[in-house]
Amino acid sequence: MRKLFFILFIAFTTSTFITAQNIQTPSEFLGYEIGTQFSRHHQVVDYFKAVAEAVPNQVKLEQYGTTYERRPLYLAYVSSEANMRNLETIRENNLKNTGLLEGTPSSTDVAIVWLSYNVHGNEASSTEASMLTLYKLLTQRKDLLENTVVIIDPCINPDGRDRYVNWYNETASQPYDIDQQASEHKEPWPGGRPNHYLFDLNRDWAWATQVETQQRLQVYNKWMPHIHVDFHEQGPNEPYYFAPAAEPFHEIISDWQRNFQTQIGQNHAKYFDAEGWLFFTRERFDLFYPSYGDTYPTYMGAIGMTYEQGGHGMAGLGILNDEGEVLTLVDRLTHHTVTGLSTVEIASKNAKQLNTEFAKFFDNSNLKYKSYVVKGNADKLNSLKDLLNKHEITFENASGSKVSGYNYASGQQSSMNVNKDAVVVHTNQPKGKMVKVLFEPNAKLADSLTYDITAWSVPYAYGLDAIASTSKVSSSEMFEPKALKILYEAYGYVSKWNSIDDAQFLADLLKHDFKVRFTEKPFSSNNSNFESGSLIITRGDNKHIEDFVGMLNTIAQKHKRSLTQINSGFSQTTPDIGSPDIKLINKQKVAILSGEGTSSLSYGAIWHFFEQQLHYPLTSINTDDFSRTNLSKYNVLIMPNGYYGSVLNDDNMKKLKDWVRAGGKVIAIDGALRSFAGKDGFSLKYKESEKTPDENNLIPYAEREREYTNNLITGAIFKTKVDNTHPMAFGYDDNYFTLKLGSSAYSLLDGGYNVAHLDNTKVYSGFAGKDALSQLNNTLVFGEERMGSGSFIYFVDNTMFRSFWENGKLLLVNSVFFVNNNAYEL
């Protein structure tokens, strides 16, 4: 017996030795000690390829996507030889365990752990750690792979990472300079944190606006891991953070998820204590906002966690922190490697229970609301369906005529009439808890101190009427829409104006040199009624287009637009087509400010919108070049959220005003309004606080942070009163639900148009402090102020925030094409 044991032991150790011999360490492969240089993305990919080639029976490398800048996105599946042979069976068993795949699983004793690295490009230590973690799993910790499948995404954000790494490699001193003031610790705008379009990918999981997210979710939904870790970095003076998370926890998070986070944290602490490394838990990083790499997986049943290493883009290869310690890249990647391996270890020890408790999460019988019913504009419903499809959440059409429950529009219990076009989303499906999170009218908030916004409910975001019902609503499978009618020769054609789909149609027409009009007043023609903002394309305006009707048909079919033919310019009710109230839309030349002073996130959201949604040209002007820019080449200048004090000096402000007086339009968003509020020549003014400055002086130090929340609005939803006769609000009702991201308050314009304002301070969803609320009544939300022949257009609330508030985007398009349409055309 002892002889047999000895033979088996020798065979095992020989196998391990051979495997270790076949796999190069990251340092051997890269040609430098890992952590002494930043590796470019292609080097990391090459290392993973080399390991997969060395041990193909234990590593499977899969390209799951491509970034906007054409860099590949890879996943590595790592496990024992036996598990790798049965990888597809393990995946299917897991989905059967959740109910996402029909059938009874043959076995559920393998833990699935997904490790995601470098979602923020300049938090670059984690991608280095991914290589070392892969190596150690296959050489030193092979035992953990016997009952664990580890999925490694070495770099979620290659575009951002290479932006940072390339900058650092060309900037840093040799040897590196640890002085915090050295240039290698001062990353320039926009930094490596975001992706190509300057989106924060760690806040895009739920909204899936970016290709990296969309492609990742397709694979994530195929696997539905039991544990998901997002590796991050924070400031260089912070110690390591790991689970358990801070309050507030969303109410759907199970006791098991909470408790197992604690077990994981205790396992990490064992290793950190042994080395004397500092760490903290249960602070700052909560589990509430659904679009993070820790919360989204949590709401999909996993143990979702963020790990935060001190460092960030400021740290470089090494930095002297405020405590007098030199923090190196080697330190940072080592810590991430330890927590990664520790996570796999605790999963391996609890594989069976992980599977059992994971299955329990998908029992949704105790959810309060059984169905969410939404109705409204067909394009907006389709946009919502697209979002649900990205998350593989099922939905149907309503089959009844009336539903009752919580009415989102009124904020109270009532009924709503529906027809077969209404969409019903039930919670008795496997992803019912995610349905609750996305649709719930007002998420229960256990603590007002949160890391992010506290409201996001998709019916408000998509501009749809909705009912949340405590009983299951009758529904039927989705039906196919009717085919669009073919256009025939007529005097002209009218298209509605209600959605971004309509705006895309307009942009395409302008790109193909169609002349398009819009009406500033409702009218009737050919026994049809048309609202303000409706697009009008006449044969007479477009004689220059060969095969006018055929080309219009092609573009209308492409955008699925149903046009109404009119047979005469003489309307049944005025205005007639030739009226001054029906204006030709200028082919606007639009510019946007970028660079220092602007918020890269705000700029990126607008840039992405114009290129990827509206498909309309946008010229970016760097703020450093503003004084030398010939503004007369543009009709519209967009100023994203930012701080423009150093840009708009006296000379540049005069230049901007002169351009506007000559017919230009400035669209100022969020913080950009500070450049004009209270300034000479502007009626835009801050609303003064009624609270005296010394009222907080006697609040104890320990209570100051919590007391300060009375002054905050952390992403709350309000109903605004809208003047929808103003061109900025064409396509909207007389009410609009706005997502307010901060407590800045501006008085109603004396000398301008108050297009949308708050006439009450009822909070429909999210948190708003009492002192902040006291300032909001009768304040501006959207407005226009004329100056000479041009306009300043004010967006107090940023409708482009993270590109998920779909119902606000048409306000920006209206501002570009409709507002003050007398502005000159180039």
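Me: Quick one on Leu-320: what's its relative accessible area?
Reply: Leu-320 comes out at 35%, so it counts as partly exposed. Bear in mind that this is a predicted model.

Me: Which strand is Leu-320 in?
Reply: Leu-320 sits in strand S11, which covers residues 318–320.

Me: And which nonpolar patch does Leu-320 belong to on the surface?
Reply: The one formed by Tyr-176, Leu-320 and Val-326. Together they have about 220 Å² of accessible area.

Me: OK, switching to sheets. What's the strand order in the open sheet of 5 strands?
Reply: The order goes S25-S20-S24-S21-S26, and the pairing is antiparallel.

Me: Which strands stand at the edges there, and why is one side of each left without a neighbour?
Reply: Strand S25 (564–566) and strand S26 (582–584). Each has a single partner strand, so one side of each has no neighbour in the sheet. As for twist, the average is 30° from one strand to the next.

Me: Let's look at S20. How many bridges does S20 make with S24?
Reply: S20 and S24 are joined by 4 bridges, in the antiparallel sense. S20 also runs antiparallel to S25, with 3 bridges between them.

Me: What does Tyr-493 face in S24 and in S25?
Reply: In S24, Tyr-493 has Ile-537 as its bridge partner. In S25, Gln-565 is the residue opposite Tyr-493.

Me: Are the residues of strand S20 buried or exposed, and which way do they point?
Reply: All buried. Gly-492 and Val-494 point one way from the strand (residues 492–495), while Tyr-493 and Ser-495 point the other way.

Me: How many bridges link S21 and S24?
Reply: Strand S21 (residues 517–519) pairs with strand S24 (residues 535–538) over 2 bridges, again antiparallel. Leu-535 in S24 is the bridge partner of Phe-518.

Me: Now the open sheet of 7 strands. What's its order?
Reply: That one reads S16-S15-S18-S13-S17-S14-S19, with antiparallel pairing. Strand S16 (412–417) and strand S19 (475–476) stand at its edges; each has a single partner strand, so one side of each goes without a neighbour in the sheet.

Me: How many bridges hold S14 to S19?
Reply: There are 2 bridges between strand S14 (residues 396–398) and S19, in the antiparallel sense. Asn-397 is opposite Ser-476 in S19.

Conventions:
Residues are numbered from 1 along each chain as its sequence is written. This is a predicted model: local features need pLDDT of at least 70, side-chain atom pairs count only at pLDDT 80 or more; totals for chains, interfaces and linings use all residues. Side-chain values use heavy atoms; hydrogens and water are left out. Two strands pair if DSSP finds at least two bridges between them. Axes are lines fitted to C-alpha atoms, for helices over the stretch in contact, and angles run from 0 to 180 degrees between N-to-C directions. Buried means under 20% relative accessible area, exposed over 50%, partly exposed in between (1.4 Å probe, protein chains only). Patches are made of residues with over 30% relative accessible area and no salt bridge: like charges are joined within 9 Å, nonpolar side chains (Val, Leu, Ile, Met, Phe, Trp, Tyr) within 5 Å. Accessible areas come from the Shrake-Rupley method with a 1.4 Å probe; for residues, only the protein chains shown count as cover. A salt bridge is a side-chain nitrogen of Lys or Arg within 4 Å of a carboxyl oxygen of Asp or Glu.
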